Amino acid sequence: MIHPDDYEENIKIWTHSLETGQVYRTDVRVLRKDGSYRWHAVIGEPVLDDDDKIIKWVGAFTDIHTEKAFTHELEQQVTARTRELSQMYESLKKSEERYHLMVEEVQDYAILYLNHKGIVENWNVGAEKIKGYKAQEITGKYFGVFYTPEDQKNNLPNTLLELAREKGRAVQQGWRVRKNGSLFWASVVITAVHNKNNEVIGFSKVTHDLTEKKRADDKIKLNALELEQKNAELEHMNKELQSFAYISSHDLQEPLRKIQTFASQILDKEFQNLSDLGKDKFKRMQNAAQRMQTLINDLLSYSRTNIQERVFEKTSLSKIIDEVREDLKEELEQKNAVIENNDVGEINIIPFQFRQLLYNLISNSLKFAKPDIPAVIKINSEIAKGSHFEEEALAKETSYCHITISDNGIGFEPQYSKKIFDVFQRLHGRDQYTGTGIGLAIVKKIVENHNGIITAKGEQNKGASFDIYIPLE
């Protein structure tokens with residue numbers, strides 16, 4: 001009746017009871033009539049005669065199959081849970097090992113653990129690299145050793161610990177001291193560590209060496225201060241320039257006018273009394289005074305393009321061209337010249353300065369026109385994105401008004417296309433063409449005041465062309 005898997009153990013217990021007379025007790029699976037086995041708790045006690053000899057056994061079988069099955073299932077669950085906890089423990093153990101290895105190997109940050117009194121208990125490679133101490137040299141010491149004497153005197157280390165204890169976290173940047181006595185700029189975060197009762201049991205401390213960033217920031221601040229000083233100096237220079245402009249327009253021009261007046265009076269009244277040499281000298285004196293007058297006026301114009309307030313207005317370019325055409329009416333007639341232009345809508349410009357720009361460029365074309373050919377000055381314009389033009393300096397997505405001013409004059413050699421805009425730059429002698437060499441410098445400055453660019457192209461005896469790009473915004 002006993003299940004084969006329980007038989008051997010059962011015989012062993014029963015034999016022991018027969019030999020010793022001890023109570024027979026065991027759990028076995030017993031065969032039922034239907035062929036199934038069920039767990040039973042079996043107990044058998046010996047019955048003795050007067051001579052204490054066993055004459056029979058009295059016992060009972062109790063069906064415990066349901067309880068046994070429940071216990072078996074519970075044991076399986078406990079076994080499975082135990083296995084699961086064991087795996088979790090191993091995983092946690094490996095994770096903790098990896099965490100410690102990671103902390104230990106981090107070299108860009110000093111990672112410390114302090115006890116509740118601020119004593120160093122843990123020290124990673126980064127801390128050794130940044131601060132210079134080996135772990136055995138610093139473990140067990142108060143972390144305030146890293147602070148400057150002044151910070152120690154002001155009790156900064158303890159203040160940071162108290163702040164972290166109260167707020168949970170303390171953040172600070174300042175100078176710290178390495179083992180060799182050198183200073184480094186540190187960014188420090190101290191975080192309080194709590195137990196399950198929310199009591200502070202220690203602190204984690206992370207330090208990042210920001211010395212290079214500190215130096216860069218200090219350099220930026222110094223540069224900003226120098227820039228501020230330079231701006232103040234520039235503002236002072238601008239005021240001096242305005243004073244110079246005032247002197248030029250009044251004090252300097254007054255003696256020139258007197259020189260020209262007296263020279264003219266002498267030539268008118270004393271002409272007969274002068275030798276030919278004297279007459280020549282007086283005429284040359286008048287011409288020099290006139291050139292000086294022109295130079296002062298040109299310098300004044302150039303200075304105004306620097307100091308004038310830049311007020312942009314929606315203005316018709318065609319209207320400005322018509323005004324300049326009217327101003328230069330006599331010169332155009334003398335040169336038998338014409339100005340051809342297409343119609344352009346309003347653009348955002350500084351009207352006074354742009355009028356001066358066109359005046360200078362058209363005057364330049366008239367000045368350098370070929371003597372035997374009627375001058376033709378063409379002004380064309382179009383509006384398009386920077387990507388539409390072949391000029392690399394333009395922003396691709398910005399819209400520009402492109403103005404081209406070309407003529408059929410004497411032109412210039414291509415190698416002078418950039419040099420031509422320099423102040424006092426002249427490509428021809430004074431005896432051939434008048435002027436001070438400031439006109440195109442004024443044009444360039446006006447274009448720059450409009451946040452634009454200007455380029456020049458030319459060929460000897462084939463005319464000159466100027467391309468102006470003014471952003472619409």
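Biologist: Is Asp280 buried, exposed or partly exposed?
Modeller: Asp280 is partly exposed, at a relative accessible area of 35%. Buried means under 20%, exposed over 50%, and partly exposed in between, with a 1.4 Å probe and protein chains only. This is a predicted model: local features need pLDDT of at least 70, side-chain atom pairs count only at pLDDT 80 or more, and totals for chains, interfaces and linings use all residues. Residues are numbered from 1 along each chain as its sequence is written, and side-chain values use heavy atoms, without hydrogens and water.

Biologist: Which side chain meets Asp280 in a salt bridge?
Modeller: Arg284, at 3.8 Å, N to O. A salt bridge here is a side-chain nitrogen of Lys or Arg within 4 Å of a carboxyl oxygen of Asp or Glu. Arg284 counts as exposed, at 52% relative accessibility.

Biologist: Where do Arg284 and Asp280 lie?
Modeller: Both are in helix α8 (residues 276–307), 4 residues apart, about one turn of the helix. Helices are DSSP runs (H or I, at least four residues), numbered from the N terminus.

Biologist: New topic. How many salt bridges does the structure hold?
Modeller: 20. One of them pairs Asp327 with Arg355, at 1.9 Å, N to O. Asp327 lies in helix α9 (residues 317–327) and Arg355 in helix α11 (residues 351–367), so the pair ties together parts 28 residues apart in sequence.

Biologist: Which residues are in that network?
Modeller: Glu323, Asp327 and Arg355, joined by salt bridges that share partners. Asp327 is partly exposed at 38%, and Arg355 is partly exposed at 29%.

Biologist: And what about Lys134 and Glu128?
Modeller: Their side chains form a salt bridge at 3.3 Å, N to O. Lys134 is partly exposed at 41%. Glu128 is partly exposed at 31%.

Methods: Helices (H or I, at least four residues) and strands (E, at least two) are DSSP runs, numbered from the N terminus.
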